[in-house]
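Here is a short report on a single protein chain. Please read it alongside the model.

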Amino acid sequence: MAETVLRLREVGVRYRTPAGSVTAVSEVSLDVPATGITVLAGPSGSGKSTLLRVLSLVERPTLGAVELRGRGTTGLSARARRALRRTEVALVFQNPGDNLIGHLTVGDNLRAATQAARRTPRTTPLPPQATRTTPQATTTPPRTTPPPPQATDRIAGVDELLDQLGLPGTADWKVSALSGGQQQRLAFGCALARGASVVLADEPTSQLDAASADLVLDTLRDLAARGVPVVVASHDPRLIALADTRFDLRNGALAA
Ligand SMILES: Nc1ncnc2c1ncn2[C@@H]1O[C@H](COP(=O)(O)OP(=O)(O)OP(=O)(O)O)[C@@H](O)[C@H]1O
């Protein structure tokens, strides 16, 4: 059976609004495989972005459990979750400008990402698995997916990574000199430099023209080919066509 990088069990998300309680996601259980491209698809308002925020540990669900590489995350402190988001779980936002440090050069953005990976121990403590009652479970070691290679193993240097990202010779450029698609590529490159176990992206092509969107689609393929699992929320048919695994959402729940 395929290894799982992220697992949701009976996850629900409710928001309080002045008009009352809104259920954005209800009773979602799913396994994100540790390889390939996973797409969360569905119409506007179906809960894709909410679920992506839960999967990327940005948001704690109101109900249910989220496991990263076999370990529960729901009991983690805000600090521990932030540490995981700096390294293990990288979220790439819709707007290219939100993913990068605008006043740094292209090369310095990558260097900052690599340094974040070095500063934060890879073995950020996660709480033990919930105690299970079956005798079999107590004798079985916790399920673990082997950690991905360290960031420094994955990239030999900034220039080499920029070549691989199709951005050769841009190390000294300002981020604003890159197109939207190139900025998104760089954002995925930073996720790689941080040594992320999984990269998530919310509608990464929605603000881009067709040529820039092509760059992003290529980058997602590249990441998956490097063994980095990618999870994308999108209603872009070209992106959905890349899915190795697809979950369809309707009204906050998985469609049958
Ligand atoms: N912070 C919030 N407060 C209140 N309601 C919210 C909040 N975030 C999302 N919702 C509601 O939850 C539901 C799911 O929203 P979500 O943004 O996850 O859907 P989506 O499928 O990503 O939509 P889109 O494709 O338009 O981005 C919607 O009804 C939305 O209005």
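**Ground rules.** This is a predicted model: local features need pLDDT of at least 70, side-chain atom pairs count only at pLDDT 80 or more, and totals for chains, interfaces and linings use all residues. Residues are numbered from 1 along each chain as its sequence is written.

**Overview.** The protein chain has 9 helices and 10 strands. Helices (H or I, at least four residues) and strands (E, at least two) are DSSP runs, numbered from the N terminus. Of the 256 residues, 41% count as buried. A residue is buried if 20 or more other C-beta atoms lie within 10 Å of its own, exposed if 12 or fewer, and partly exposed in between, with C-beta atoms placed from the backbone. Among contacts between residues at least 6 apart in sequence, 76% join residues at least 24 apart. Two residues are in contact if their C-beta atoms, placed from the backbone, lie within 7 Å.

**The antiparallel sheet.** An open sheet of 4 strands has the order E2-E1-E4-E5, and its pairing is antiparallel. Two strands pair if DSSP finds at least two bridges between them. Strand E2 (20-33) and strand E5 (71-72) are the edge strands, each pairing on one side only. E1 and E2 form a hairpin with 2 residues between them. They run antiparallel and are joined by 10 bridges. Arg14 has Thr23 in E2 as its bridge partner. On to E4: 5 bridges join strand E1 (residues 4-17) to strand E4 (residues 63-68), again in the antiparallel sense. Arg7 stands opposite Glu67 in E4. Arg9 stands opposite Ala65 in E4.

**The mixed sheet.** The order of this open sheet of 6 strands is E6-E7-E8-E3-E9-E10, with mixed pairing. Strand E6 (89-92) and strand E10 (253-254) stand at the edges with a single partner strand each, so one side of each is left without a neighbour in the sheet. Strand E3 (residues 37-41) pairs with strand E9 (residues 245-250) in the parallel sense over 4 bridges. Leu40 has Phe247 in E9 as its bridge partner. Helix H7 packs on this sheet, touching E6 and strand E7 (198-202), and its direction makes about 170° with that of E6. Axes are lines fitted to C-alpha atoms, for helices over the stretch in contact, and angles run from 0 to 180 degrees between N-to-C directions.

| Strand pair | Sense | Bridges |
|---|---|---|
| E1 and E2 | antiparallel | 10 bridges |
| E1 and E4 | antiparallel | 5 bridges |
| E3 and E9 | parallel | 4 bridges |

**Helix H1.** Helix H1 (residues 48-55) lies across E1, E2 and E4, running at about 60° to E2. Of its 8 residues, 7 are buried, so H1 is largely enclosed by the rest of the structure. The buried residues are Lys48, Thr50, Leu51, Leu52, Arg53, Val54 and Leu55. Leu57 follows H1 and has a positive phi, near 65°.

**Helices H7 and H8.** Helix H7 (residues 180-193) and helix H8 (residues 210-225) pack at an angle of about 15°, with their axes 7 Å apart. H7 and H8 are therefore roughly parallel to each other. Angles under 35 degrees count as roughly parallel, over 145 as roughly antiparallel, 65 to 115 as roughly perpendicular and the rest as oblique. In H7, residues including Arg185, Phe188 and Leu192 meet residues of H8, among them Leu215, Val216 and Leu223. By class, this contact has 7 nonpolar, 6 polar and 1 charged residues. Ala, Val, Leu, Ile, Met, Phe, Trp, Tyr, Cys and Pro count as nonpolar, Asp, Glu, Lys and Arg as charged, and the others, Gly among them, as polar.

**Backbone and local points.** Glu10 is in strand E1. Its phi is near 50°, a positive value in a residue other than glycine. With 12 C-beta neighbours inside 10 Å, Glu10 counts as exposed. Asn251 lies in the loop between E9 and E10. Asn251 also has a positive phi, about 50°, although it is not a glycine. Asn251 is partly exposed, with 14 other C-beta atoms within 10 Å.

Where is Thr62 found? Thr62 sits in the loop between H1 and E4. Thr62 is partly exposed, with 16 other C-beta atoms within 10 Å. Leaving aside neighbours within four places in sequence, Thr62 is in contact with Gly12, Val13 and Arg14. The C-alpha atoms of Thr62 and Glu10 are separated by 10 Å, and the two residues are 52 residues apart along the chain.
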